[in-house]
Amino acid sequence: MIADTMRMVKLGLKSLMLHKLRSCLTTAGILFGVASVIAMLAVGEGASAETLKQYREMGVTNVLLRSQKPEETQQSSASSMMSTLSYGLFYQEADRIQNLLPQATVVRVREFQRPVMRGENWGQTMIIGTEVNFLEVTNMKVHEGRWLTELDQQRQANVCVLGERLARMLFPLENPVGKTILVGIEDRFEIIGVLEYQGRAASPNGTTLDQCGFIPMTSSRRRFGDTVRNPLINRWEQVELHEIKVKLPSTAEVEGAAAVLDQMLQGEQVHRNKKDYEITVPLELLRKAEATERMFNLVLAVIASISLLVGDIGIMNVMLATVTERTREIGIRRALGAKKKHIVQQFLVEAGVLSALGGLVGVGLGMLVPYGIEKYFKQPTDIQAPHVMLAFGISAAVGVVFGLYPAWRAANMDPVEALRHE
Amino acid sequence: MAATAAAGAVATDEDARVTQSAERTIIAEFVDVHRHYVMGKNVVKALNGISMQVRKGDYLAIMGRSGSGKSTMLNILGGLDRPTTGEYRVGGRDVSKLNDDDLSDVRGREIGFIFQSFNLIPQLTVLENLEVPLFYQGRVGRESRAKAEYLAERVGLGKRLEHRPLELSGGQQQRVAIARALMNDPLFLLADEATGNLDSNTEKEILDLFDDLRPDGVTIVIVTHNPKVAERADQTLWLKDGQVEKLVNNRTAVAANGGHP
Ligand SMILES: Nc1ncnc2c1ncn2[C@@H]1O[C@H](COP(=O)(O)OP(=O)(O)OP(=O)(O)O)[C@@H](O)[C@H]1O
Ligand SMILES: [Mg+2]
């Protein structure tokens, strides 16, 4: 059985070798179809995987409220030229949110740029003043030492937890835990812990969590206050909270909570007519991205089918020509005892060999292209085994299906006529 | 004296073969075979009531003018075509009403075809060509290879097994075709103008090869236009307008005319 199949495949190859160029061109049709499908899917998958990952990292059960600077009308900008611009979310709003959504975990976040220094090592980085639940809400873990505690908050302690990258910058050789760093010009902080490396995308403030230092919210307020000078427009801005993260127990509650929060904030006098906050629902973004991805995949599938179809039509064309050319051979084989099914088999195997060869080389090329894109364009790609098998499977299967008609024609020739051919 | 005796012995042998014909088994038999082609309103009666028999060991030539029905008869003998009416028996079994698959098996098991234009498969080697008939019987393996080697040797091409048909001369190709026809141990060989594409020397070689095979009990039916070829057979069946005109015993005919045809 296997030996017979091997024989048929060998015979198919031999017959295809009769017309090398023609066979190669036909194979090329399939090859490029399969290759382009695999490459397109890999690139598409890579791009969307990156986005999806980013949204997942933001937390699918979270609702993120972020202060944003309102668009200034000319009048307001003129009138407030000298004064401090105040906008964004307030400390008490976090409490009100907690009352409104008792099941949620609410975390306040303040961010400010500060130079940090340890001996000769220093750099400008993002210091985040936050609360104990931050770790849970952002789904991060402590690598060494410990995270901030309630006691740290109460004491307004000068303690700091470092992101992995920041720790490596400031302490390239030693263990940071227990050492002190200088934040800003005069504030010394003791390092109490280092976080695990996250490798996540940058947050809206432009830095990744790995590059930040984390201190108690209370300490940040006391040491650095609520006002920041915006160096770009040389103006003081007062922002109490840059972000309030609200984590809900389940994804089912996310959308409802987001609506409630928006309504609550809209209802407040300070935010009225002044778009100075933004609500981000990672779950919603994720769903949208997934929907986009599905749409994209559908379009790809259609394009893929078309390109595979074109290749397979090529196979059918060549097989029809082959059958006509080899009418005499068909007659001989029939005279020597071949049944119709043998003739069908022979030409199906040939069509199958053509499409499988094209498919195989296509898979190779299709996997090489994303590799190249990743290497030279630094674009993430993602080759998925089901896609590869699908592209290969479809091309091979359709190749055989399109080989059926020519094979059927061959088998149903009258042997006498076939022998008389030419 | 010795020469005459030898000649006499040969003659007796030949006579014995022909006279004993009634006792040898019938391997192919036409019983009132008709083959009609319907062309619009016309019916062409290519074969119009033919009855004949081929017995084991026969060497039969079929002759007749163009259009007399030779090819039609050959196609039916070979199981490539079926009679419109009448019976065609191969090895005692009526095959005239078999379906396509069963008829294919009859061709593959009982009949060895030899064609005018050799009809080897160009992309296959000599060995592979020889194995084709057995392949369709599911009998390809070590044995088939040994058999192919033996038969190739038998037809004088033992060293050409790996060659392609186009690398061989016409005579050599026809030898391969004869070996291929013998691969399935057929009841009879069916040759269609087997020497029509060959020069007279090669023709003689091929006909000699047929003679060489006969002691093995090979039965040969050959369709030809060429009287010289037909002469080498024991009997000639003459067709005319789709009917048997006469069956001539080439041995006794020669003897009766004292060697003058
Ligand atoms: N497929 C066909 N359709 C219609 N008529 C046919 C067909 N094949 C043969 N005939 C007719 O049947 C008759 C016998 O033809 P056949 O081919 O058997 O003759 P033949 O003896 O082989 O002739 P030749 O010596 O020229 O080969 C002829 O009249 C021919 O026209
Ligand atoms: Mg003819």
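A salt bridge is counted here when a side-chain nitrogen of Lys or Arg lies within 4 Å of a carboxyl oxygen of Asp or Glu. By that rule, 5 salt bridges cross the interface of chain A and chain B, and in one of them B:Glu131 pairs with A:Arg7, with 3.0 Å between the closest N and O atoms.

This is a predicted model, in which local features need pLDDT of at least 70 and side-chain atom pairs count only at pLDDT 80 or more, while totals for chains, interfaces and linings use all residues. Residues are numbered from 1 along each chain as its sequence is written, chains are lettered from A and ligands numbered from 1 in the order in which they are written, and side-chain values use heavy atoms, with hydrogens and water left out.

The contact between the chains (heavy atoms within 4.5 Å) takes 26 residues from chain A and 27 residues from chain B. Chain A and chain B bury about 2,400 Å² between them, 58% of it from carbon and sulfur atoms; buried area is the accessible area (1.4 Å probe) lost by two parts on being put together, summed over both. On the side of chain A, the residues that lose the most area to chain B are A:Arg7, A:Lys14 and A:Leu336, together 27% of what that side buries.

Within chain A, A:Glu93, A:Arg96, A:Ile97 and A:Leu100 of H4(A) meet A:Val260, A:Leu261, A:Met264 and A:Leu265 of H9(A), where helices are DSSP runs (H or I, at least four residues) numbered from the N terminus.

How values were computed. Helices (H or I, at least four residues) and strands (E, at least two) are DSSP runs, numbered from the N terminus.
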